[in-house]
Structure formats: C-alpha cells, structure tokens
Amino acid sequence: MKLIAAMSGGVDSAVAAARAVEAGHDVIGVHLALSSNPQKYRSGARGCCTIEDSHDARRAADVIGIPFYIWDMAEEFHAGVVEDFMSEYAAGRTPNPCLRCNEKIKFAAVLDRARAMGFDGVVTGHYARTEIGPDGKTLHRAVDHSKDQSYVLSVLTIEQINGAIFPLGDTTKVDIRKEAEQRGLAVAQKPDSHDICFVPSGDNAGWLRDRLGSEVGPIVDQDGTKIGEHNGAYTYTIGQRKGLGITVPTADGSPRFVLKIEPVTNTVVVGAREELAISKMKGERPVWCGPGVDNYHKRGFVQVRAHGAALACTYYFDGTLLVAELDEPLLGLATGQAMVIYDGDRVVGSATICETA
Amino acid sequence: MSGIYLDHAATTPMLENAIAAMDAQLRTLGNPSSLHTQGRHTRKDVEDAREILAKELDCLASEIIFTASGTEANNTAIKGLFWQQKALGKNVVVISAIEHHATLDPAAWLAEHEGAEVVYAPVTTDGVLDLDFLQSLVAKRGSEIALISVMHANNETGAIQPIAEIVKIAGDIAVHTDAAQSFKKVPLSFKSLGVMALSISAHKMGGPLGIGVLVLRRGVEIPALLHGGGQEREIRSGTLNAPAIVALATAAQDKTYDAAAIAKIRDDFAARVTQVVPGAFVNALKADRLPGIVNVTFPGTQSDTLLLLMDGEKVSCSTGSACSAGVHRPSHVLMAMGHDEISAMSSLRFSFGRTSTQTDCDGALAVLPSVIARGRAASVV
C-alpha cells in the first residue's frame, strides 16, 4: 500500500514508520506543524511540534530512508482542537484534545488529503491494534495495556479505521525503545510526551485564564450557600478536591469536592465525596468503531478516562444517546469526557458524556 | 540516484575537472598563509585561482574576497557597507522586494539591531525592478541612502534585473548585487555593471559547496564580520579554503554551459506545460530571464503537495522559499509580482542545467497532468 506515516519526532511514530516500510509498504513521512508559531525546543516532556521535533522526525525519516515532508495543519488544529478545548471548558465540560486531534486532524484532515493524493492510509505510532474479522476491520486495545491508546482513537469511524495502520499495537513500549535503538534511531530514548501539546507550560488553568479571562464567581455548597470564591469556573473539574481554597469547614470535617460547574452563572458547586457517585451515564454524538449498537442491552465495559479502568456495565443506544449503567458506582465524572465502550478488547464505540446520574 | 533532476538553481552537479582539481588540492599540504615551501605552493594555487576568477568576472584580482558562501558574501557586503555609511549619517537600505533571504534577512537584521530603515523597492508584474520608483526614491532621499542591493537575476523566476540602469540612477550611492544565479549562465562583468560589490556562489555553477566570492571595488574598506588572521583584505578572516577555491576557479573556466540549448529545453517545457495542464501559466514570461529557470503557477493546488507528488514520480523540482520549520509559505517573490497568497502558494520552479536533456523535459511533462489532478483533489478536502 501507499501510506503516509505521521511522524511527530518521537520514538513511537519513528518505529511505526520503519515497521510499515519493512512490511513492504511504500511510505512517506509527514510531520504535522500544528502551531503557527512553533517553539524552538521542547521543554521537558511537554509539548510537541517544536522545530526540534520536526528536525527529529526528519532525521528519523532519513535513517529509515523515506521521503519526508512537513504539512502545515496549524489552522485546522486551531479550529478543530484548540478552539474546541476552550469552548468546552467555557461551557463547564472537560474535553480531551488528543481525541479531538485524532478525530479531526490525523484521521480526517491528514487521511482525506492523503487519499486525495492517491495514498491508501495513514500510519501512526499509536498503541492500538486492528483486526480483520467477519465484521470487517475492528479497533482493539494494544497488547501493552499500560500504554494502550484505543481510548483516544475511539472517535474513529469505520471508514477512518479502514485507512489507519497501527504497527505498534502488538509490542510493549519497552521493546519499542529497544527496537528504535537497534534501528539506529536517535529518538530511542527521547522522553514520552505527556499532557496537552499546545499548553507547553503544563498549567492548563493558567493557559485557560489567559484566553478566557478570569472572572470571580461563587463557590457554593449544595444548599446554594456561598462558602468561597474562585477566579473562573472553567478551571475546575468535577471530582477536584485540591485548590478550592475554602476556609469554612464542613460540619464533620470531611473534605469537599467539586460536584458541578455552572458556566452561565460562573458557579462552582461543592459537596461531600459520596455526592460524586454516579451509576449511569449518557453520551451524545456516538461513533461506532464497528457494528452499530442498538437498544438491545449488552454487557461490556465502559472507560471514561484515557488511562482509566474499564468498568463493567450494561450498555445500549436509546436512539439518541449512548447509555451505560455501571455495576459499581463511580466517583467524579465530568461531562465533556468521552465514554468508550469495550467488548473485551474491542472498541465498540464512543460518545461525549452529556448527562450523569 | 535515478530520476529527473530539475532543481539546478538549488544546486547543480559539480564539474568533473573541478572535482579533480579539488581532489588534487586536498592532497596538497600547506596553509596559504604560511611562509615556508608548502605554504608558498598553496598560496600560489590560491592566487592563480584568484586571477582566473578576476578574468572571468571582469574585475581586479585584488577585488576578490573569498568567503564560505554566497550568504556570507551578501552579509559582508550589506552589513559592511551599511556600517561604513552609517558613520556618515546614512541609514536607509534599499533592496528589491524579491531578494533571496540571504539579502532580505541581513537587511531586516540591520533594521532590528542597527537602526536601519529598509525600503523594499517594488517590481513589475513581470518581476523586474520598478526603475521609476527607484528614480524618485533616489531623487527624494538620495542623501539618506546607505546602499542599494538588488539581485542580478531572481532565483525563483529567473527574471534578470536592470543592474546597470540601477547603478546609473544610484549615482554615488553604493550598489551591491547578488549574482549567485547569474554567474556563468549569462554574461557578467563587474566592471561594466559598475557596482560597488557583487556576490557569487560556487555550487550554483559547477563548483563545490562552501565557497563564495564577494567582489568589492578596490580601495573600498568596510568593517568585517569575521575577525582573525585578516587573510582577505582584513575584511574576511579565516584560513583560505584552497581546495574549494581551486575547484571554483576551474569551474569558472568551463565553457560547456550551452545557454541557448538550455533555454530551448526550458522554452519547450514552458510552452507545453500550459498545454498539458489547463489553467497553468508561466511567471515573469515577458521578462528577460536566465536560460535555466521557469516558474509555473498551477491554480487550485498547493505547491508543497505537488512537490511530494512530483518526488513520488522521481522528478525533483522546488517551490521557492521555506521557513526554518519547513512549513510552506507563500512566495514573497510572486506576492511582490501581484499574486495573492493562495496563488503564491501554487507555483513550482523547474530549473535546468548543463546536464538537462529533452528527455528530462518530456519525462516531467508526462507526469504533470496526473500530479496536478491529485494536487487539486488534495487542496479541496
């Protein structure tokens, strides 16, 4: 096949590209420039698409022996990922920008462009697997569960999965680093990137404050009694305990947690830990990564965070929303996050959490 | 490496006799600044080369300053002349809007760090400097102008600039010209141009990488960029790169560049490209151009996509300029000629050289329709 390998400048995408070449594909490396004003160097483990990263990606492509290009996707990234991140927070939800990037950039803008140019698909260094079965190509967890990235890929449609190649899903990260070493790739020991690439400082709250402004609002308990103040409701996350700055103690001295964020009134509602418990969630805009889900109640697992646990549940699609009823209650679930349904290791589909109970 | 190479303006194959001269010199011991036997031998080779180059460039041997690149030659001339004139109270630097980054950036640096005011002289839609603009600028502000720098021929379109006329308009004002693309492609005489300074680069004409020349009029003293041994008129320090200098001089004597034959291939390509790709047009078509360069706009495409697809078809060409991160940007040259941003991102430069053949031209034309079709499809997704 003729493939585009998305190369971030990290070790995973470099080995993925090398494996694709070895598998006999005709591969071209592409580095996505996602910032219109890239920094020269990476700061620690954070950020990506610095000039240094693009240099690392180019060097890896040269060592592998494939052509290399830089695609400017800064505008698409800003519109599809950064603005979504800001507006979701402003609306009191907690978005996952990596998931949005896969949905709108890597397997949309890039894949579409690649296909128009006559390529068959996109290779990435994601830790996930695909299988070909009676239902066609399906998406599965990586063998290395600690590195599994199927959660952030769960927004891919069947059409997108058909154009995606994940060569690393059968290997552990430790072995990928060894392999990179053996292949002579200088990025073998480059640190993993964490956090949000466009917030290089790692300070999400500060980053949001700079862009959304800081407006003082009340922190109230469940009765509506004001017990403190904050500088912008959007910097809080459901289930958050630290950084509330409340001086009024609870009757029994137990800690308070963020229960609810009300963006319209800029109010943060806090309460006791047990108030966080939910046993049912509903998600909007579902995407099926294989055969569709219907109203028939099925047993499976739901995952609500990128590296969270898979929670046993019963799930179904009520015609509008994807519903998961948990066997055991879960504490602190923010709307805006993705609920991803698994059938064993297979990703069934996902939706954006809009309601919890 | 197989494939069709149509990027001779980026760099062109080194001439065999230049390689041989370089190889022989690499095996010769001696620092040209040393006074002993070995040093004297190398010094003689370097000075022989200087005289050969002086003859080819129609200047005095003492006017030749060896540098490590065309970029260094430009920086030395532009910054040096500016500093010299700034001391006399002149701070305006005039450059054309279509200069290479090796001129644009030193000028911008002078503006940012040394208080220079940079005036970008516009060009016509055919990419040739607007002489009327220059005339009125000199009439109004001549006493403030430290220097004028206009390239001899543009690297993206090949359009040859009216340097002799510029010198006439400039009068007493120093004129520098970057002749990196022109040397050995079209007649070039330092003396008849009448400029104060002229830059060339060896690897654009069959010489090696890493060697350039600044021709600076005799008696003109400018502050140096590199300080040290003072080897080149105290204007440029650094041990002379004898092997590269000797190879450059050998390449400069070459007589095998057949400008008429190369222009014929170029013109054939230009005529047929507009036939095989509807809507395509050649830039700077009406200008007097270098024999080897043709710049074509393919509306509805993005040239970085075209480059990738052409490379996939084993045809090497170029888009023009790229920033340090390698992100494709609209060509400032085409923008100066009146293109909008979108159109200025839809062009490719094909450049032919000594080794180019009609077969190369035919081969590139054969793949272009399919490449453009895919490029157009990719630009609308």
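Which domains does the domain assignment of chain A give? The assignment, whose bounds come from an automatic or database source, gives domain 1 (1-124 + 166-181) and domain 2 (213-270). The structure is a predicted model, in which local features need pLDDT of at least 70 and side-chain atom pairs count only at pLDDT 80 or more, whereas totals for chains, interfaces and linings use all residues. Residues are numbered from 1 along each chain as its sequence is written, chains are lettered from A in the order in which they are written, and side-chain values use heavy atoms, with hydrogens and water left out.

The centres of domain 1 and domain 2 of chain A, taken over C-alpha atoms, lie 38 Å apart, and the contact between them (heavy atoms within 4.5 Å) takes five residues from domain 1 and four residues from domain 2. The size of an interface is often given as the accessible area lost when the parts come together. For these two domains of chain A the buried area (the accessible area, with a 1.4 Å probe, that two parts lose on being put together, summed over both) is about 400 Å², of which carbon and sulfur atoms give 60%. A:Tyr89, A:Gly92 and A:Thr94 supply 75% of the area that domain 1 buries against domain 2, more than any other three residues. Across this interface of chain A there are zero salt bridges, a salt bridge being a side-chain nitrogen of Lys or Arg within 4 Å of a carboxyl oxygen of Asp or Glu.

Between the chains, 18 residues of chain A are in contact with 17 residues of chain B, and the area buried between chain A and chain B is about 1,400 Å², with carbon and sulfur atoms giving 62% of that area. On the side of chain A, A:Tyr69, A:Arg113 and A:Met117 lose the most area to chain B, together 41% of what that side buries. Two salt bridges are counted between chain A and chain B; B:Asp304 forms a salt bridge with A:Arg113, the closest N and O atoms being 3.7 Å apart. The elements β2 (26-33), α2 (51-64), β3 (68-72) and α4 (97-116) of chain A each supply at least two residues of the side that touches chain B, helices (H or I, at least four residues) and strands (E, at least two) being DSSP runs numbered from the N terminus. The largest share of that side of chain A, four residues, comes from β3(A).
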